[in-house]
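Have the structure open beside you as you read.

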Protein chains: 2
Amino acid sequence: MKIVVDAMGSDTHPTPDVAGAILAAREFGDDIILVGDEQRIAAELAQHDTVGLKLHIRHASQVITMTDKPSEASRSKPDSSMHVGMNLVKNGEADAFVSAGNTGGILAVAMLHTLRRIRGVKRPALGVVFPMPSKPMVIDNGANADCKPEYLLQFAVMGSIYLERVRSISNPRIAILSNGEEEGKGNQLVKETIPLLEASGLNYIGNIEPKEFMRGAADLTVTDGFTGNVLIKTAEATASELLKLLRAEIMGSTRTKLGGLLAKPAFDAARMALDPDEIGGAPLLGVNGVVIIGHGRSNAYAIKQAVRQARLCVAEDVVSAIQAGIVT
Amino acid sequence: MKIVVDAMGSDTHPTPDVAGAILAAREFGDDIILVGDEQRIAAELAQHDTVGLKLHIRHASQVITMTDKPSEASRSKPDSSMHVGMNLVKNGEADAFVSAGNTGGILAVAMLHTLRRIRGVKRPALGVVFPMPSKPMVIDNGANADCKPEYLLQFAVMGSIYLERVRSISNPRIAILSNGEEEGKGNQLVKETIPLLEASGLNYIGNIEPKEFMRGAADLTVTDGFTGNVLIKTAEATASELLKLLRAEIMGSTRTKLGGLLAKPAFDAARMALDPDEIGGAPLLGVNGVVIIGHGRSNAYAIKQAVRQARLCVAEDVVSAIQAGIVT
């Protein structure tokens with residue numbers, strides 16, 4: 001298998017990106033193609049022991065940064081690491097593309113300039129697995145701020161295929177995120193999507209609230225990209241603020257400080273259970289190729305995990321399954 | 001001052017509702033009118049020492065329950081405690097209405113049958129103060145699942161008046177919730193609302209993400225009721241799941257158990273800082289009267305805090321200020 005890793009993706013590229021690629025090459029034994037500034041990648045590689053690893057460099061002269069406007073940059077930087085990397089997948093020289101770069105940039109380069117949409121897919125979407133014990137997945141997580149009912153139906157189809165193939169969940173339970181679990185709750189989009197889901201032949205279980213979502217009441221929850229983005233960012237922000245508050249309270253007295261010290265392994269375990277790095281990245285579903293998007297703050301381990309996810313998508317042929325599964 | 005407390009509101013009514021009314025009558029010295037089933041209220045009052053407290057009962061023969069469909073029940077149960085209670089406010093026999101009942105029911109009874117909308121207000125909305133250290137407020141929290149830009153502008157105006165009057169924040173910082181803090185981020189509704197906020201004369205500071213919201217970057221954040229509801233429920237669910245996970249990890253070994261025991265005061269303090277009961281309730285802004293809606297799970301303390309909030313709204317004449325402040 002040949003996996004492309006965008007060396008210019010993460011906030012502190014190319015250090016974690018290259019280090020992650022090395023971890024992946026060592027663990028999986030695959031060919032890893034690092035795309036980006038050749039000199040910087042080579043300098044980074046020189047810091048590591050890479051003997052026997054199948055690491056390759058492909059030069060790209062431009063970088064789409066975190067602050068670039070996606071559609072503009074995707075047009076004005078045709079030799080970006082994203083263009084070069086996804087074209088390798090498009091041309092069959094590689095099997096998947098992994099990047100921790102600007103999400104909007106990856107979307108624009110994938111959809112408008114390289115891999116393009118799968119025939120019949122109205123809107124490609126980002127699926128995200130939440131780092132909660134129940135590992136619930138939500139789609140869309142931010143690719144499409146405004147959605148139509150037909151899009152959400154397709155998100156359910158694509159996400160269902162992904163979960164069956166990559167996470168071996170047969171007949172995944174599908175829900176729609178709403179402002180209440182009672183029947184009749186929801187905004188216009190939710191109300192218009194429900195009949196489509198009911199008639200879809202998917203394992204649709206109804207509308208759920210964030211509480212049920214978190215507890216794993218469904219394997220896959222569909223929502224528009226605006227709400228999905230608010231959902232994951234609210235969860236991240238709440239966890240971070242709560243831990244900050246707890247830390248401050250624990251530091252408040254000698255007794256609680258000692259308690260915090262003794263309980264540290266529990267805190268560490270909880271933090272690890274909730275660590276998004278464990279999951280690695282979000283699959284972009286609905287384009288003609290495997291694309292996994294990591295967090296901008298990804299470390300080497302997260303990049304390696306994103307490669308793991310990309311490998312699974314390739315091995316299980318998720319793209320062909322979506323190509324076959326989308327009813328046009 | 002005369003405050004109506006819906007005795008039939010909370011999930012376990014009338015116990016916490018009546019107990020909360022007693023706490024409020026004792027602490028504030030006001031007249032409290034308990035509305036609902038006369039016999040059940042009297043039986044509940046008999047369990048307490050109420051000597052010298054200005055507690056009154058007003059009978060209502062019907063109850064709008066948590067599972068009732070709001071608009072249907074508001075029509076078919078004209079003698080509900082909500083109707084009777086809000087009519088007391090409408091007729092000038094009381095100054096404010098407090099209920100921990102079915103939110104949709106309170107909205108429907110207020111808007112369609114009793115207090116009605118303030119002239120010029122397109123949609124009344126629910127304001128909620130988050131139980132975070134920075135006490136950020138969001139509006140709308142669920143009254144209006146589908147919104148137009150003009151509604152959000154009015155939410156900003158009403159919320160701004162509320163914060164100035166009740167929480168003494170002069171010129172409150174107003175933001176709009178979005179899927180990114182960069183300019184140009186947002187769904188259609190956000191993008192169309194921003195120019196209205198910019199031209200409003202309010203202290204508009206821009207679009208913010210959940211992270212900045214939690215940290216108190218703005219005093220008031222406007223959003224549609226669907227997203228606002230997902231925001232608060234996601235925060236609640238995340239905090240609850242995280243604490244559950246931490247507890248399980250702490251119970252995992254003798255060392256961490258001891259640590260947890262020693263750190264317990266810190267956990268308790270954190271839990272109290274995040275306790276929604278401290279805040280008591282959400283003001284329903286935009287109707288001709290003070291209405292405070294508590295959580296269905298409210299305990300007596302939360303009901304008392306909701307009465308405190310109602311008193312502030314009355315004392316600071318929030319309703320007249322909104323009547324004067326809404327540009328029609």
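In chain B, helix α1 (residues 15-28) and helix α12 (residues 300-315) have axes that come within 7 Å and cross at roughly 50 degrees. That angle makes α1(B) oblique to α12(B), and the crossing is right-handed. On the α1(B) side, the contact is made by B:P16, B:D17, B:A19, B:G20, B:A21, B:L23, B:A24, B:E27 and B:F28. Their partners in α12(B) are B:A300, B:Y301, B:A302, B:I303, B:K304, B:V307 and B:R311. By class, the residues of this contact are 11 nonpolar, 1 polar and 4 charged. Please keep in mind that all of this comes from a predicted model.

Helix α6 (residues 149-166) of chain A and helix α13 (residues 318-325) of chain A have axes that come within 10 Å and cross at roughly 140 degrees. The two helices, α6(A) and α13(A), are therefore oblique to each other, and α6(A) passes α13(A) in a right-handed crossing. From α6(A), the residues that take part are A:V157, A:M158, A:I161, A:Y162, A:R165 and A:V166; α13(A) contributes A:V318, A:A321, A:I322 and A:G325. The contact of α6(A) with α13(A) divides into 8 nonpolar, 1 polar and 1 charged residues.

| Helix pair | Axes come within | Crossing angle |
|---|---|---|
| α1(B) and α12(B) | 7 Å | roughly 50 degrees |
| α6(A) and α13(A) | 10 Å | roughly 140 degrees |

## Where the chains meet

How many residues does the contact take from chain B and from chain A? It takes 46 residues from chain B and 46 residues from chain A. On the side of chain B that touches chain A, α8 (210-214), α9 (225-250), α10 (254-262) and α11 (264-273) of chain B each supply at least two residues. The largest share of that side, 17 residues, comes from α9(B). By class, the side of chain B that touches chain A holds 26 nonpolar, 13 polar and 7 charged residues.

Helix α11 (residues 264-273) of chain A has A:A266, A:F267 and A:A270 as its buried residues. These cover an arc of only 100 degrees around the axis, so they sit on the same side of α11(A). What covers them includes α9 and α10 of chain B. The face of α11(A) turned away from the buried side carries the exposed residues A:D268 and A:M272.

## Buried spots in chain B

Helix α7 (residues 188-198) of chain B buries B:L189, B:V190, B:T193, B:I194 and B:L197. Their arc around the axis is only 135 degrees, which puts them on the same side of α7(B). Their cover includes α6 (149-166), β7 (173-177) and β8 (203-208) of chain B, while the exposed residues B:Q188 and B:P195 lie on the face of α7(B) turned away from the buried side.

Finally, take a look at B:I139, in strand β6 (residues 137-139) of chain B. From C-alpha to C-alpha, B:I139 and B:Q154 are 10 Å apart in space and 15 residues apart in sequence.

Definitions and conventions: Residues are numbered from 1 along each chain as its sequence is written. Chains are lettered from A and ligands numbered from 1 in the order in which they are written. This is a predicted model: local features need pLDDT of at least 70, side-chain atom pairs count only at pLDDT 80 or more; totals for chains, interfaces and linings use all residues. Axes are lines fitted to C-alpha atoms, for helices over the stretch in contact, and angles run from 0 to 180 degrees between N-to-C directions. Helices (H or I, at least four residues) and strands (E, at least two) are DSSP runs, numbered from the N terminus. Angles under 35 degrees count as roughly parallel, over 145 as roughly antiparallel, 65 to 115 as roughly perpendicular and the rest as oblique. A crossing is left-handed if the near helix is turned anticlockwise from the far one by less than a right angle, and right-handed if clockwise. Two residues are in contact if their C-beta atoms, placed from the backbone, lie within 7 Å. Ala, Val, Leu, Ile, Met, Phe, Trp, Tyr, Cys and Pro count as nonpolar, Asp, Glu, Lys and Arg as charged, and the others, Gly among them, as polar. A residue is buried if 20 or more other C-beta atoms lie within 10 Å of its own, exposed if 12 or fewer, and partly exposed in between; C-beta atoms are placed from the backbone. The arc is that of the directions from the helix axis to the C-beta atoms.
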